[in-house]
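Welcome! Please take a moment to turn the model around on your screen, and then we will walk through some of its parts together.

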Amino acid sequence: MSHNNHYDVIIIGSGAGGGTMARALAPTGKRILILERGGYLPRERENWSSQAVAVDKRYGPKETWYFDERPFRPSHPHYFVGGSTKLYGAALIRLRERDFEEVEHGGGISPAWPISYADLEPYYTMAEKWYYVHGQAGIDPTEPTRSAPFPYPPLEHEPRIQQLNDDLQRLGYKPFPLPMGVKLGYEDGQEGPLTVLSNFDGFPDPTESKADAHVIGIKPALQYENVSLKTHSYVERLDTNGNGRKVSSVVVKQDDGTRVNYTADWVIVAAGAINSAALFLRSKSETHPNGLANSSDLVGRNYMSNNNATFIAISKEPNDSIFEKTLAVADFYWGSEEWPYPMGFIQMLGKTDEVALSYEAPEPLGGMTYTEMAAHALDFWLQSEDLPDLNNRVRVNDKNEIVFHYERNNVEAHQRLTDKLKSLLSYIGCHDHLIPVDYYLGTQFPYNTAHQMGTMKMGADPRRSVLDTYCRPHDLDNVFVTDGCFFVTSGAVNPTLTILAQTLRVADFIKSNVF
């Protein structure tokens with residue numbers, strides 16, 4: 001083993017957790033290696049093509065997974081520098097205080113986390129600043145307490161979305177600006193061209209205005225001489241020392257099939273909740289016969305992804321918005337007068353076009369063409385809580401391929417949220433039906449593999465959890481896991497900001513207690 005292959009820290013994955021961790025640790029002077037299985041996402045005109053992105057899945061993973069025995073090609077994650085954040089929608093939303101507590105749902109119990117909202121609040125604030133989050137406090141009826149306002153003002157509604165906002169307010173609801181992570185060009189006091197958002201939500205962004213983990217995490221980290229990045233470096237397994245308490249070798253398979261071993265004093269795994277769990281399961285050995293750090297038999301279990309759905313409503317008036325993703329509604333987050341249990345969160349999506357519609361919708365509606373439908377479309381994203389279930393899990397088969405088992409739960413809450421939106425349509429200037437589509441994240445498992453959470457849950461008891469409250473596996477002494485693995489429950493908002501916040505919290509712990 002050459003000295004050059006030894007590092008103080010190895011970070012596996014360059015997405016929300018890995019990229020943020022790299023930037024946080026870079027100023028320590030420690031010799032840091034970032035390993036990313038993909039390369040840089042090319043800047044090309046296909047970045048903004050609905051045909052290339054939504055229909056041809058140009059940037060999707062080129063691999064086969066299995067739903068039980070049935071093969072499928074997943075839509076997520078994305079294997080690039082910056083991970084799945086290269087194509088994410090950049091909605092960066094805090095979990096609510098109660099999301100960290102035990103909550104009764106229509107479909108079962110959502111258990112309490114071993115940390116509280118207060119533990120994460122300073123790091124939510126830091127993450128919002130790092131990731132250029134635009135928003136406005138004081139409107140959302142469910143928003144958690146904040147130690148500081150949003151760092152940047154909210155994105156402005158275009159006229160049709162402002163009309164939607166006003167209609168909802170007239171009905172007694174409290175729509176609010178959706179917190180979005182984006183650099184529009186004025187944030188740092190600079191003068192220059194402003195960014196006009198269009199094909200942004202679910203698309204790569206060649207302008208690098210999107211606050212993704214490549215732009216915000218990896219690029220600043222690589223300004224430090226002590227930080228290096230190796231792309232096209234797939235981590236095949238983690239080997240441990242004699243007593244199995246420390247990872248002693250990171251085995252990397254390169255694109256040409258050759259293998260390279262790296263060693264580090266500390267290993268941070270941030271490959272995404274599915275791939276990190278698969279890595280630990282692939283790394284079984286005599287001292288870890290069930291998979292690495294899996295004495296609890298919980299690695300890969302409790303997979304969650306929110307109950308997600310994309311719907312299009314057809315506005316009676318044309319919707320000439322270029323970018324709609326500026327509004328959200330949380331009035332039903334904890335329930336309604338008719339239903340005492342949590343229902344979920346509604347937000348707008350980036351604007352669909354006739355290409356995506358013709359791919360998704362079985363036939364044009366009511367004599368309209370797809371172009372006419374797109375010109376009148378309002379795009380809604382609904383998400384409800386997906387409850388942890390031991391049997392919803394990620395495994396690896398004999399060929400180390402990823403295998404899922406998943407059954408939806410808490411379905412009534414999601415249906416009631418959908419019905420609530422349908423009941424509002426005639427009052428918000430729309431025809432009274434919704435068209436389900438799945439070009440954004442997918443409406444049904446197994447094809448929805450975004451918003452990955454829960455596969456190595458946090459907890460105080462090593463028999464009932466995989467990670468401690470600082471994301472250290474109970475069974476290992478020199479490893480941290482900072483991606484969606486640690487989630488105990490999913491909540492009903494996008495998980496990325498919570499991943500960023502917990503990563504920054506863990507980074508502070510590492511700097512104070514490890515280095």
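Which elements do the buried residues of α9 pack against? They pack against α4, β14, β16, β17 and β20, where contact means heavy atoms within 4.5 Å and buried means under 20% relative accessible area, exposed over 50% and partly exposed in between (1.4 Å probe, protein chains only).

## Before we start

This is a predicted model, in which local features need pLDDT of at least 70 and side-chain atom pairs count only at pLDDT 80 or more, while totals for chains, interfaces and linings use all residues. Residues are numbered from 1 along each chain as its sequence is written, and side-chain values use heavy atoms, with hydrogens and water left out. Helices (H or I, at least four residues) and strands (E, at least two) are DSSP runs, numbered from the N terminus.

## A helix with a buried side

Helix α9 spans residues 411–424. Its 14 residues reach 20 Å from the first C-alpha to the last, close to the 20 Å expected at 1.5 Å a residue; the expected span is 1.5 Å times one less than the number of residues. Ala413, His414, Leu417, Thr418, Lys420, Leu421 and Leu424 are the buried residues of α9. They cover an arc of only 155° around the axis, so they sit on the same side of α9; the arc is that of the directions from the helix axis to the C-beta atoms.

Now look for an open sheet of 6 strands, in the order β8-β15-β16-β17-β14-β20, with antiparallel pairing. Two strands pair if DSSP finds at least two bridges between them. Because β8 (176–177) and β20 (430–437) stand at the edges with a single partner strand each, one side of each has no neighbour in the sheet. β20 pairs with β14 (residues 307–315) over 5 bridges, and Ala313 stands opposite Leu434 in β20.

Helix α9 lies across β14, β16, β17 and β20, at about 155° to β17. Helix α4 (residues 159–170) lies across β14, β15, β16, β17 and β20, at about 25° to β15. Axes are lines fitted to C-alpha atoms, for helices over the stretch in contact, and angles run from 0 to 180 degrees between N-to-C directions.

Strand β18 (residues 393–396) has a covered face with Val394 and Val396, and an uncovered one with Arg393 and Arg395. In a regular strand the side chains alternate between the two faces of the sheet. Antiparallel to β18 runs β19 (residues 402–405), joined to it by 4 bridges. Phe404 in β19 is the bridge partner of Val394. The hairpin has 5 residues between its strands, and Asn400 takes a positive phi near 60°.

## Rings that meet

How many aromatic pairs does a search of the whole structure find? It finds 23. Rings of Phe, Tyr and Trp (its six-membered ring) pair if their centres lie within 6.5 Å; planes under 30 degrees apart count as stacked, over 60 as edge-to-face and the rest as tilted. Phe200 and Phe323 are edge-to-face, at 5.7 Å centre to centre and 90° between the planes. This pair links distant parts of the chain, 123 residues apart. Phe200 is buried at 2% relative accessibility, and Phe323 is buried at 4%.

Phe486 and Phe487 make a stacked pair, because their centres are 4.9 Å apart and their planes at 20°.
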